[in-house]
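Subject: Structure handover

Hi there,

Here is the structure I promised to pass on to you. My notes on what turned up follow just below.

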Amino acid sequence: MAAASDVAVIAIANGAPGPNPVNALGAPVRQYLQNALQDALSDPSINAIILIGRRDGKGVFSAGADIKEFSGNSSGSGGASWPGGVPTLNDLAHLIEGASKPVVAALTGACLGGGMELALAAQYRVADDTLKYGLPEVKIGLIPGAGGTQRLPRLCGVRHALDVIVRGRINGTAREGLKFGFLDGVASKKESVLECAMRWAKWTATLPSMALDSRRLCLRSVPVDAEGMENGDMCAFALQSLPSKEKGGESAHACLEAIRASFELLTFDEGMEAEKNLFNDLLYHSLQGRAYRHIFFAERSSSSGRKKTGTNALAKGKGAIGVIGAGTMGRGIAISFLRAGYGPVTLVDLNPQGLKAGVKYIQAVLEGEAKKGRLNPSKFKGILSRIQSSTELSNLADCDLVVEAVFENLKVKRDIFTKLNAIVEKRNALLLSNTSTLDVDAIAASLSPERRPYCAGMHFFSPAHIMKLVEVVRGEATSPETLDIIRAVTKRIRKVPVVVGNCDGFVGNRMLHPYTTESTLLLADYGGGNAGLGISDVDAAIGPKSFGMAVGPFVMSDIAGNDIGYNIRREKGLLRDPKTGQVGPARGQVRYTELGDEMVEKLGRVGQKAKKGWYNYDPKVGKGRKPLPSAEMQALVNKYSANSPTRGTKLSKEEIVHRVLFPLINEGFKILEEGIASDPSDIDVIYLYGYGWPAWRGGPMFWADSVGLGTILSELEKFHRMHPDSEYFRPSPLLRKCVGMGLGVQEYYRKGYAKAVQSKL
């Protein structure tokens, strides 16, 4: 604590025993704040207190509670007592709110979660224009637990409280804070936030005690809405847009219930008790909450690395970028780098028409973002000036990083990398492939030995300018430094990197293979006629209204393009030769149906881009993206299910989920035992951000533990007895080991039993 005349300045940053860049309110910080506040309150020479993030008024106020505490037995920012007399955030909030001297919160940067709750407890709040405030607890399966649900409605009204708390917003600005009454003042351009706070502190110190009482939110009631809508009606309206409790909405419903308590219960203390009970119920009893927090930590773990990027320009957001291929993937990749400030970004495509279309698409997307206010005009003009295009690979000579994004053909990719080896002048330039399935080592072999450490896979997901995931594929020769730079670059372009090993399909697509294969085989086994299993039955069981995936397997295939899977099967030697009728050499005794082959080869049903795939698509219905039933596809299902003994049978949604998702889980176990992924949480992040897995289920491996590995093993054994020629039903040895030890896969890794696995990372 420092004192300027009669004003004490308490900096949150001073309470951390070690690095604490976001001023997380962990136990040592809370203890420091309590001691500093009590000292200031008991010092007769102090007339007012300023609570600030850093003494110099820069950086963040506080990003909130130390989330790691929520994984233990404490309630963190909740109301229960902490061991050893360490105050909770509730204790601090009550201390601040009940202070006998005015407390002015000086807010800068992030003021989130528990940090915002402390600010709400202060009698006065000022900020500078760097402020971003919010209460995002709903996104980790909780509610604000230190009075946020009770104080914010009393200060700003129910309308703003619903917007901030239920939506979990983190982008409230100083201007917005002034408008809704969260802030009392904003520092002028001629003063720092500390100087502004000092002015307020000195003024408030001259006010009578009655004025201080009027600032204590615990003594206020919730105001009526400025637009005349009843508070209860606003909550009822907000309820209509929430996901159901069963489909990931437990924390959002609890937020709404807590806000209701602020105006429905008679006293502030009753509201605080309701908040505490709701918070603790979510913390200790909600599987959804545990899933959300698992993903929170998993994402941060997956994107962390050695971080030894030194002075590398790419890691700092600078450098010339080359993108080869102006198709769907190349366009999206180029947009991602342009947005992040890299440049020049040179898009190369041998086809002049395709190149022109690619550049036009990039410009249209960026122009649309500018019109929506996501890009300011000056930044938009700067981005446009950094776009370059060419039909010649030679124009990539000066690049610091090149991403190849042509179609999946190993020969074509190897030819491109052979040419890049001679063209790109910087010997430490990163030469990366966006391949989704092919052997990264085979691609790297096209380079000279000294270049191979700078080669890796950088697998974006479509559409690349929207999807957050990037699989960073480590080849045999890829250096750790290269991985570190790719991680840093991926985060610069605002995506989540996950390092994976090199194998067919890597992690995401390798696990997808049994999922999509079994989905199609279910139609061949159980489809046929009006009574049989239909395409929409499978999608309905897996999709957003049931299991919770963003889309079902057949809609997903139509979006991606059914020709992609067809071409992969052809590369693998699974297709029947259309000229000779000879079955592909890799087919062997594998359980297989040609249903998906014929729909592409003979019917041209490649997906939404052709207005027909597993479903029909009408440009006049749902902008051409709404799946509509297809009589032609039903006839094809009838044809391929004709000889099945189980033809014309419906399966329950649970049976469908088990048949298509348990083999996906099983493949995840095999990936772990082979060292292709280093941790189950990496797989969860990949499926959350790359494949539309519902966050409230925590990812495939987290969900496997919640279902029970014994149940999954038993079902896989049953399916493998039914279909011994489907290898993906054969249970993984790691799955058997975990069941035998009585451990979930997460626990198996946390206890260090996986250290003996030979990692390929």
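How many of the six residues of S14 are buried? Six of the six are, so to speak, under cover: S14 is a mostly covered strand. Buried stands for under 20% relative accessible area, exposed for over 50%, and partly exposed for what falls in between, with a 1.4 Å probe and protein chains only. Helices (H or I, at least four residues) and strands (E, at least two) are DSSP runs, numbered from the N terminus.

Before the details, a word on the model. It is a predicted one, where local features need pLDDT of at least 70 and side-chain atom pairs count only at pLDDT 80 or more, while totals for chains, interfaces and linings use all residues. Residues are numbered from 1 along each chain as its sequence is written, and side-chain values use heavy atoms, with hydrogens and water left out.

**Confidence**

The pLDDT is the predictor's confidence in each residue, on a scale from 0 to 100. Its mean for the protein is 94, and 96% of the residues reach 70 or more. Residues 72–77 have a pLDDT below 50, and this stretch has 25 contacts in the model beyond near neighbours in sequence. A contact here means heavy atoms within 4.5 Å. Where pLDDT is low, the predicted coordinates should not be read in detail.

**The sheet around S14**

S14 belongs to an open sheet of eight strands with mixed pairing, in the order S11-S10-S9-S12-S13-S14-S15-S16. The edges are S11 (387–390) and S16 (496–500), each of which pairs on one side only. On average, neighbouring strands are turned by 25° against each other, direction ignored. Two strands count as paired if DSSP finds at least two bridges between them.

Helix H14 (residues 352–371) packs on this sheet, where it touches S10 (345–348) and S11. The direction of H14 makes about 165° with that of S11; axes are lines fitted to C-alpha atoms, for helices over the stretch in contact, and angles run from 0 to 180 degrees between N-to-C directions.

Back to S14 (residues 455–460), which runs antiparallel to S15 (residues 469–473) and is joined to S15 by four bridges. Met-458 has Val-472 of S15 as its bridge partner, and Gly-457 stands opposite Val-473. With S13 (residues 430–433), S14 pairs in the parallel sense over three bridges, and there Leu-432 stands opposite Ala-456. Both faces of S14 are covered: Cys-455, Gly-457 and His-459 are buried on one side, and Ala-456, Met-458 and Phe-460 on the other.

Strand S3 (residues 48–52) is also mostly covered, with five of its five residues buried.

**Backbone geometry worth a look**

- Gly-343 and Pro-344 are joined by a cis peptide bond with omega about 0°; Pro-344 sits in the loop between H13 (328–339) and S10.
- Ser-462 and Pro-463 are also joined by a cis peptide bond, with omega about -5°, and Pro-463 is in the loop between S14 and S15.
- Arg-494, although not a glycine, has a positive phi of about 65°. It lies in the loop between H18 (480–492) and S16, and counts as exposed because its relative accessibility is 71%.
- Phe-506 has a positive phi near 60° and is found in the loop between S16 and H19. Phe-506 counts as buried because its relative accessibility is 0%.

**A buried arginine**

Arg-216 is in the loop between H8 (209–213) and H9 (231–239). With 11% relative accessibility, Arg-216 counts as buried. Its side chain reaches the backbone oxygen of Glu-97 at 2.6 Å. Leaving aside residues up to four places away in sequence, Arg-216 touches Glu-97, Gly-98, Ala-99 and Gln-123.

**Helix H20**

In H20 (residues 535–542), the buried residues are Ile-535, Val-538, Asp-539, Ala-541 and Ile-542. They are on the same side of H20 because they cover an arc of only 160° around the axis, the arc being that of the directions from the helix axis to the C-beta atoms. These buried residues pack against H19 (508–526), H21 (553–560), H24 (631–641) and H25 (653–673).

Best wishes

Methods:
Polar contact = N/O pair within 3.5 Å; in protein donor to acceptor, adjacent residues only side chain to side chain.
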